[in-house]
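Here are my notes on the model you sent over, as a set of numbered points.

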Amino acid sequence: MSKSLCISFKPTCESFDVPYNSQTTIDDLIKYVCIQSSVLPNTNPNDYYLMINKSDMLRTNQTVEAAGLDQLDRIVSLDMCTKTRVLMKRIVDSRMQLWQDPIKPIPTKTQQTIPTDQSNNPDESSVSTNKQQIPSTTEVLSNDNNDRNNEVHILICGSPKVGKSTLINALCGCPVAKVKTIGLDHCTQKTSYYQLDNIYFWDTPGIQQWSNIDIDSYINSSKRCQTPLCMFYCASPGSFTKLKQLEMLLDECIYQRHIFCVLVVTNMFAHINRHAILNEFKTLLSKYIDHSQQIREEDGVFYYGHVGLCTMVNSREYVDEDTNRRQSQQGINELVMALTKSFSRTHQLDGWLRTIEKNTLFWLEKQEEIFRLTKKSDDICLSEIIQNI
Ligand SMILES: Nc1nc2c(ncn2[C@@H]2O[C@H](COP(=O)(O)OP(=O)(O)OP(=O)(O)O)[C@@H](O)[C@H]2O)c(=O)[nH]1
Ligand SMILES: [Mg+2]
């Protein structure tokens, strides 16, 4: 009787019993699945890797025996996963055709309270125009864009100890920002940045006492971050949020600088008033939207067109001190996906994909959805080929 290994094909959720002998390599297993898949026929074996027990990636040129796969008690699961770069390219390709709404002009307040230097930036000035050039895929995933040195700048605001750093780390899928676990002292004392390759997170301890001038100087804190990808505002249930200051911040970001605003209820299980905060976020964001049709909800994320979005998350496992009940991470993958869908302009999508590139959990857990969402681009490509015959 021939031996076989059960392999789960992550992008389609199909399962296969793959036969093997002593000479079979990991590469052979991958090729077998590619041939057998009916959901993704003619798929390229080079786009995938094999993962054992949800953790270790197996070298493709080793044999099943060398990898220890014939010792069945070692195997909890064998998953055939898509390489992150392949998923990123699928997103970029399909976004061009599918996810791109025509860019709507962002409302601009007539009275300008704070001078801006938008006019110096050809990139940002195009936000308020109706038409957008659709660039090629290679342009998006290459260095060939307008962004200086390909740097990405992300603003993070919110009161002390609300979970700003924990959120950054969860979104990136790796420790970027310092998180202090014990005591009342908070880590972020003044505006500082955390860096992940050439991605900069501009972190600030709070905006409670802020005036317009403070907001302006915060956003201008570095010449380099004058065109940030987006602004995250975090509030955790139980923490004190001054809505007036938040509104001033949103006015500045949305009206004056066209910065995409992401309002997040962090540490959502810390208190039941998470829904109240989310409702306040929703009311605030509605102010910047002309038509209620631009507002939609998907997977717990509320989208406000090109203005921003809001949601609630649990960035890391939460343990209730009274009941000892545990709540696993929640809402992070959905937030990452929501932003992936929201960034419609070339350098924004490129910047965001590089920010989340190391978030293995996201790329693993969301690959079926990414394949589903980007499937139409295959159909379009196929119909183009047929038309050209
Ligand atoms: N379980 C759980 N704990 C969280 C969450 N967010 C933050 N925390 C905890 O709350 C504390 C503060 O989190 P930080 O991420 O350091 O908060 P911060 O806003 O960056 O704090 P400062 O930089 O000091 O202003 C840490 O003990 C975190 O582990 C969350 O979503 N879930
Ligand atoms: Mg912090």
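Predicted model: local features only at pLDDT ≥ 70, side-chain atom pairs only at ≥ 80, totals over all residues.

1. K358 sits in the loop that joins α10 to α11 (360-365). Is K358 buried, exposed or something in between? With 15 C-beta neighbours inside 10 Å, K358 counts as partly exposed, because burial asks for 20 or more and exposure for 12 or fewer.

2. For C174, the C-alpha atoms of the two residues are separated by 7.0 Å, although K358 and C174 are 184 residues apart along the chain.

3. For the overall inventory, the chain has 13 helices and 15 strands. Of its 389 residues, 38% are buried. Among the contacts with a separation of 6 or more, 69% are between residues 24 or more positions apart.

4. One open sheet has eight strands, in the order β7-β8-β6-β9-β10-β13-β12-β11, and its pairing is mixed. Why do β7 and β11 (295-298) stand out here? Both are at the edges and each has a single partner strand, so one side of each is left without a neighbour in the sheet. From one strand to the next, the twist averages 20 degrees.

5. Within that sheet, β6 (residues 152-158) and β9 (residues 230-235) are worth a close look. The two strands pair in the parallel sense over five bridges. If you want a landmark, C157 stands opposite Y233 in β9.

6. Y233 turns up again in the largest nonpolar core, which has 71 residues. The residues with the most contacts inside this core are I154, M231, F232, Y233, C261 and V262. Which residues does C261 contact, leaving aside its neighbours within four places in sequence? The partners of C261 are M231, Y233, L250, C253, I254, V307 and G308. Apart from this core lies another, of 17 residues, including Y20, Y48, V64 and M80.

7. A further open sheet is formed by five strands in the order β2-β1-β5-β3-β4, again with mixed pairing. Its edge strands are β2 (14-20) and β4, each of which pairs on one side only. Neighbouring strands in this sheet are turned against each other by 40 degrees on average, direction ignored. Helix α1 (residues 26-36) packs on the sheet and touches β1 (3-9), β2, β3, β4 and β5. The direction of α1 makes about 135 degrees with that of β2.

8. Two backbone details deserve a glance. K54, in the loop between β3 (48-52) and β4 (56-58), has a positive phi of about 60 degrees although it is not a glycine. D197 has a positive phi of about 55 degrees and is not a glycine either; this residue is found in the loop between β7 (192-196) and β8 (199-203). Are these two residues buried or exposed? K54 is exposed, with 12 other C-beta atoms within 10 Å, while D197 is partly exposed, with 13.

9. Finally, please look at D320, in the loop between β14 (318-319) and β15 (326-327). D320 counts as exposed because it has 11 other C-beta atoms within 10 Å, and the cut-off for that class is 12 or fewer. The C-alpha atoms of D320 and F269 are separated by 8.3 Å, with the two residues 51 apart along the chain.

Terms used
Residues numbered from 1 in each chain as written. Chains lettered and ligands numbered in written order. Core = buried A, V, L, I, M, F, W, Y, C linked by C-beta atoms within 7 Å. Contact = placed C-beta atoms within 7 Å. Helix = DSSP H or I, 4+ residues; strand = E, 2+ residues; numbered from the N terminus. Pairing = 2+ DSSP bridges. Axes fitted to C-alpha atoms, helices over the stretch in contact; angles between N-to-C directions.
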